[in-house]
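Here is a short tour of one structure, written for someone who likes to check contacts and angles for themselves.

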Amino acid sequence: MASFDEELQLDAEEDAREIAYIRECLPADLKDKFKDADLQYIMESIMDYYFTSGILDAQPDKEGFVDIDLQQVADHVCQTAAKENHADYDPEEVFFIVQADMDFQEENC
């Protein structure tokens, strides 16, 4: 069993891989717009949405999939960031990050 410090290190490495993946997926005009800290915040906000929205409790369809409205996730991220006075993100730009996050999760989980 890994120690707490080892778990934190593994989480940090996974986050770094995900941030790199997201950067690769972003359109050219957005690649340098978001700092790593912004992407980390957005990734955490996405996870918060999944845990608080009830989407994790949704029943999958016949193929075993749960329909997730990525625009709704992007809107949530932007609203949360504004409410917390973190940043004023554009939902259309954040959508690309949400989509890349979903792709990363599907490929790595």
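Please keep in mind that the model you are looking at is predicted.

Two of those partners come back when we look at the largest nonpolar core, which holds 25 residues, with Ile42, Tyr89 and Val94 making the most contacts inside it. Two or more residues of this core come from each of α1 (4-25), α2 (36-53), α3 (70-83) and α4 (91-108). Which element gives the most to this core? That is α2, with seven residues. As general background, nonpolar side chains tend to be buried together in soluble globular proteins.

**The overall picture**

The protein has four helices and zero strands, and its pattern along the sequence reads α-α-α-α. The C-alpha trace spans about 40 × 35 × 30 Å along its principal axes. Of the 109 residues, 31% are buried. Among contacts with a separation of 6 or more, 63% are between residues 24 or more positions apart.

**How the helices pack**

Two packed helices are described by the angle between their axes and the distance between the axes.

| Helix pair | Axis angle | Axis distance |
|---|---|---|
| α1 and α2 | roughly 105° | within 10 Å |
| α2 and α3 | about 115° | 9 Å |
| α3 and α4 | roughly 120° | within 8 Å |

Take α1 and α2 to start with. Their axes cross at roughly 105°, and α1 is therefore roughly perpendicular to α2. In this contact, Asp15, Glu18, Ile19, Ile22 and Arg23 of α1 meet Asp36, Leu39, Gln40 and Met43 of α2. By class, the residues of the contact of α1 with α2 are four nonpolar, one polar and four charged.

Next come α2 and α3, packed at an angle of about 115°. How are these two helices oriented relative to each other? They are roughly perpendicular, and their crossing is right-handed. On the α2 side, the contact is made by Tyr41, Ile42, Ser45, Ile46, Asp48, Tyr49 and Tyr50, and on the α3 side by Gln72, Val73, His76, Val77, Thr80 and Ala81. The residues of the contact of α2 with α3 comprise eight nonpolar, four polar and one charged.

The crossing of α3 with α4 is right-handed. Leu70, Gln71, Val73, Ala74, Asp75, Val77 and Cys78 in α3 meet Pro91, Val94, Phe95, Val98, Gln99 and Met102 in α4. The contact of α3 with α4 has ten nonpolar, two polar and one charged residues.

Ala81 sits in helix α3. Is Ala81 buried or exposed? Ala81 has a relative accessible area of 0%, so it counts as buried. Apart from its neighbours within four places in sequence, Ala81 is in contact with Tyr41, His86, Ala87 and Tyr89.

Ser45 belongs to helix α2. With a relative accessibility of 6%, Ser45 is buried, because the cut-off for buried is under 20%. Beyond its neighbours within four places in sequence, Ser45 contacts His76 and Val77. His76 and Val77 are also listed on the α3 side of the contact with α2.

Asn85 is found in the loop between α3 and α4. Most residues other than glycine have a negative phi. Asn85, however, has a positive phi, near 55°. Asn85 is exposed, with a relative accessible area of 71%.

Finally, Asn108 lies in helix α4. Its relative accessibility of 43% makes Asn108 partly exposed. The C-alpha atoms of Asn108 and Leu26 are 18 Å apart, and the two residues are 82 residues apart along the chain.

How values were computed. Residues are numbered from 1 along each chain as its sequence is written. This is a predicted model: local features need pLDDT of at least 70, side-chain atom pairs count only at pLDDT 80 or more; totals for chains, interfaces and linings use all residues. Side-chain values use heavy atoms; hydrogens and water are left out. A nonpolar core is a set of buried Ala, Val, Leu, Ile, Met, Phe, Trp, Tyr and Cys residues joined through side-chain atoms within 4.5 Å. Buried means under 20% relative accessible area, exposed over 50%, partly exposed in between (1.4 Å probe, protein chains only). Axes are lines fitted to C-alpha atoms, for helices over the stretch in contact, and angles run from 0 to 180 degrees between N-to-C directions. Angles under 35 degrees count as roughly parallel, over 145 as roughly antiparallel, 65 to 115 as roughly perpendicular and the rest as oblique. A crossing is left-handed if the near helix is turned anticlockwise from the far one by less than a right angle, and right-handed if clockwise. Contact means heavy atoms within 4.5 Å. Ala, Val, Leu, Ile, Met, Phe, Trp, Tyr, Cys and Pro count as nonpolar, Asp, Glu, Lys and Arg as charged, and the others, Gly among them, as polar.
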